Amino acid sequence: MPQIFEFKCNQCDFVFPRGWGGVMYVKNEKGEKVICPHPAEAFTIAKVLGLESGEVFAWLLRESAKITPEKKELIDTRTGFDSNCVCLDCLDQFRLDIVKEGKKCPQCGRANIKTVQESAGQICPKCKKGTVEKIDTGIIS
């Protein structure tokens with residue numbers, strides 16, 4: 001179970017969404033991302049892809065002997081993780097799968113992007129004076 005954090009500047013009102021840095025998703029038949037709420041990610045993936053939940057659990061646990069290569073590939077290609085991101089140029093905040101989609105701001109098109117995890121401990125992109133702090137809320141999801 002992941003810890004829940006707050007990510008915010010210690011000098012201004014700049015803040016990221018509370019959480020662990022993003023959300024898992026699965027793409028439906030239309031290619032639209034469906035958020036997989038925690039802790040039921042496997043059930044959402046199974047429902048969207050038309051699989052048995054046991055097959056998805058085997059994929060999550062990397063138990064390759066319990067899932068066919070075709071189903072593993074289906075899950076691999078249609079799932080991902082959207083990180084909470086900020087564009088350092090326009091300050092737009094958004095979710096983006098930086099592994100599968102690269103780093104490009106949907107607002108201004110620039111690639112000067114940091115994830116919430118990369119921003120922790122760094123100079124605030126808004127005020128340029130404070131530091132983005134990663135604060136443990138004490139909550140476990």
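1. In this note, two residues are in contact when they have heavy atoms within 4.5 Å, and helices (H or I, at least four residues) and strands (E, at least two) are DSSP runs, numbered from the N terminus. The structure is a predicted model, in which local features need pLDDT of at least 70 and side-chain atom pairs count only at pLDDT 80 or more, while totals for chains, interfaces and linings use all residues. Residues are numbered from 1 along each chain as its sequence is written, and side-chain values use heavy atoms, with hydrogens and water left out.

2. On the overall fold, the protein chain has five helices and seven strands, which follow one another along the sequence as β-β-β-α-α-α-β-β-α-β-α-β. Taken along the principal axes, the C-alpha atoms fill a box of roughly 50 × 35 × 20 Å. Of the 141 residues in the protein chain, 35% are buried, where buried means under 20% relative accessible area, exposed over 50%, and partly exposed in between (1.4 Å probe, protein chains only). Among contacts between residues at least 6 apart in sequence, 50% join residues at least 24 apart.

3. On the pairing of helices, Ile45, Val48 and Leu49 in helix 1 meet Leu74, Ile75 and Arg78 in helix 3. By class, this contact has five nonpolar, no polar and one charged residues; here Ala, Val, Leu, Ile, Met, Phe, Trp, Tyr, Cys and Pro count as nonpolar, Asp, Glu, Lys and Arg as charged, and the others, Gly among them, as polar. The axes of helix 1 (residues 41-49) and helix 3 (residues 69-78) come within 12 Å and cross at roughly 105 degrees, and helix 1 is therefore roughly perpendicular to helix 3. The axes are lines fitted to C-alpha atoms, for helices over the stretch in contact, with angles running from 0 to 180 degrees between N-to-C directions; angles under 35 degrees count as roughly parallel, over 145 as roughly antiparallel, 65 to 115 as roughly perpendicular and the rest as oblique.

4. Helix 2 (residues 53-60) has Glu55, Val56, Ala58 and Trp59 buried. Seen down the axis of helix 2, these buried residues fall within an arc of 155 degrees, so they line one face of the helix, the arc being that of the directions from the helix axis to the C-beta atoms. The elements covering them include strand 2, helix 1, helix 3 and strand 4. After helix 2 comes Arg62, whose phi is positive, near 55 degrees.

5. Cys36 lies in strand 3 and is buried, because its relative accessible area is 4%. Leaving out residues up to four places away in sequence, Cys36 touches Met24, Tyr25, Val26, Glu41, Thr44 and Ile45. The C-alpha atoms of Cys36 and Val23 are 7.1 Å apart in space, although the two residues are 13 apart in sequence.

6. Asn84 lies in strand 4 (residues 79-87) and counts as buried because its relative accessibility is 5%. Apart from neighbours within four places in sequence, Asn84 is in contact with Phe16, Pro17, Gly21, Gly22, Phe94, Arg95, Lys114, Thr115 and Val116.

7. Glu29 lies in the loop between strand 2 (22-27) and strand 3 (33-36), and counts as exposed because its relative accessibility is 71%. Glu29 and Lys126 are 97 residues apart along the chain, and their C-alpha atoms are separated by 38 Å.
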